[in-house]
Amino acid sequence: MNAVLKYALPSILGIAVLAIWEYLVRHFDIPPFVLPAPSAIGGALAENFTSLMASLWTTLRVTLEAFALAVAGGVALAVLFSQSKAIENALYPYAVVLQVTPVVAIAPLILIWVGFERINLALVIIAFIVAFFPILSNTTLGIRSTDHNLIDLFRLYGASRWQILRRLQLPSALPYLLGAMKISGGLALIGAVVAEFVAGSGTASGLAWHIVEAGNRLEIAKMFAALGLLAALGIAIFSALSLLEWGLLHRWHESALKKQG
């Protein structure tokens, strides 16, 4: 019963909100260029379905490429930090600087340096910058949080640094990494959308360009349709990563074990 309510309640609430939205727009005769009704948004989605799906795939591809690079780069650098304190002291401050610098401020520079003829590469780089730091910081924290008594036990039995890392530290850091991936996946999508906004001029064919184009033409229903697809994409990414987290942790980690009683 609890599982049914878990999924039924959000669905019921969403349907109720849409119904109230539809009623208010019709009752107060709100112009569609101010706030379209859900039925109008659905019609715009159906009318522009092919182009919106193509743009959805473009945005998803950029997001996944940036996310994969962020995971690979963040884990690799965290492992490097765990093996050398000097390297961590030298590089970590620059990672923080990259994190706190607004991506909107540096995105135009990246587009200029990479070139508009390689716009997709520029989009991936911008999205990667946004998604990278949570992976690095959480994985580094996870490796540092390994039980020192277990590390001493491994050393007592003659384990090498590589064996300690592979068999103890990385498994201990896995929950931290998976938690960071759920954050980073959403940030990669945000970075891809921001990059498409900055690119502008029709050079990017993702959902963000559809939003800009629809806004310029006052096609607000189409804009809402694109926004809805972006929200659905973000939910799908988060859900997929949550499922991955459960699949990897539910047999052994406290955060995913079913509570008794």
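**Entry 1. Glycine 158**

I looked up glycine 158 and found it exposed, at a relative accessible area of 60% (exposed is over 50%, buried under 20%, and partly exposed in between, with a 1.4 Å probe and protein chains only). Glycine 158 sits in the loop between α7 (148-156) and α8 (161-199); helices here are DSSP runs of H or I with at least four residues, strands are runs of E with at least two, and both are numbered from the N terminus. I also checked glycine 158 against lysine 85: they are 73 residues apart in sequence, and their C-alpha atoms are 22 Å apart in space.

A note on the source: this is a predicted model, in which local features need pLDDT of at least 70 and side-chain atom pairs pLDDT 80 or more, while totals for chains, interfaces and linings use all residues. Residues are numbered from 1 along each chain as its sequence is written, and side-chain values use heavy atoms, with hydrogens and water left out.

**Entry 2. The chain as a whole**

I counted elements next: the protein chain has 10 helices and 0 strands. I read off the order from the N terminus as α-α-α-α-α-α-α-α-α-α. Along the principal axes, the C-alpha atoms of the protein chain fill a box of roughly 75 × 55 × 25 Å.

What share of the 261 residues in the protein chain is buried? I noted 39%. The protein chain exposes about 14900 Å², and 70% of that comes from carbon and sulfur atoms (areas by the Shrake-Rupley method with a 1.4 Å probe; for residues, only the protein chains shown count as cover). I then turned to contacts (heavy atoms within 4.5 Å). Of the contacts in the protein chain with a separation of 6 or more, 70% are between residues 24 or more positions apart.

Two packed helices are described by the angle between their axes and the distance between the axes. I looked up helix α3 (residues 49-83) with helix α10 (residues 220-249): they pack at an angle of about 40 degrees, with axes 11 Å apart. The axes are lines fitted to C-alpha atoms, for helices over the stretch in contact, and the angles run from 0 to 180 degrees between N-to-C directions.

Which residues make the contact? On α3 I listed Leu52, Met53, Leu56, Thr59, Leu60, Thr63 and Phe67, and on α10 Ala225, Ala226, Leu229, Leu230, Leu233, Ile237 and Leu241. By class, the contact of α3 with α10 has 12 nonpolar, 2 polar and no charged residues. Ala, Val, Leu, Ile, Met, Phe, Trp, Tyr, Cys and Pro count as nonpolar, Asp, Glu, Lys and Arg as charged, and the others, Gly among them, as polar.

For α3 and α6, I noted axes that come within 6 Å and cross at roughly 35 degrees. The contact of α3 with α6 divides into 19 nonpolar, 6 polar and 2 charged residues.

**Entry 4**

I found 4 aromatic pairs in the structure (rings of Phe, Tyr and Trp, the last by its six-membered ring, with centres within 6.5 Å; planes under 30 degrees apart are stacked, over 60 edge-to-face, and the rest tilted). One of them joins tyrosine 92 and phenylalanine 133, a tilted pair at 6.0 Å centre to centre with 50 degrees between the planes. Tyrosine 92 belongs to helix α4 (residues 85-100) and phenylalanine 133 to helix α6 (residues 119-144), so the pair ties together parts that are 41 residues apart in sequence. Tyrosine 92 is partly exposed at 25% relative accessibility, and phenylalanine 133 is buried at 14%. Ring pairs link Phe81, Tyr92 and Phe133 into a cluster.

Helix α4 also holds glutamate 88. Is glutamate 88 buried or exposed? I found it buried, with a relative accessible area of 6%. Apart from neighbours within four places in sequence, glutamate 88 contacts Phe81, Pro93, Thr140 and Arg144.

I looked up aspartate 29, which is not a glycine and has a positive phi, near 50 degrees. Aspartate 29 is in the loop between α1 (2-27) and α2 (38-47) and is exposed at 64% relative accessibility. Leucine 218, likewise not a glycine, has a positive phi of about 60 degrees. Leucine 218 is in the loop between α9 (207-216) and α10, exposed at 55%.

Last, I checked leucine 227 in helix α10, which is partly exposed at 38% relative accessibility. Leucine 227 and leucine 207 are 20 residues apart in sequence, and their C-alpha atoms are 8.0 Å apart.
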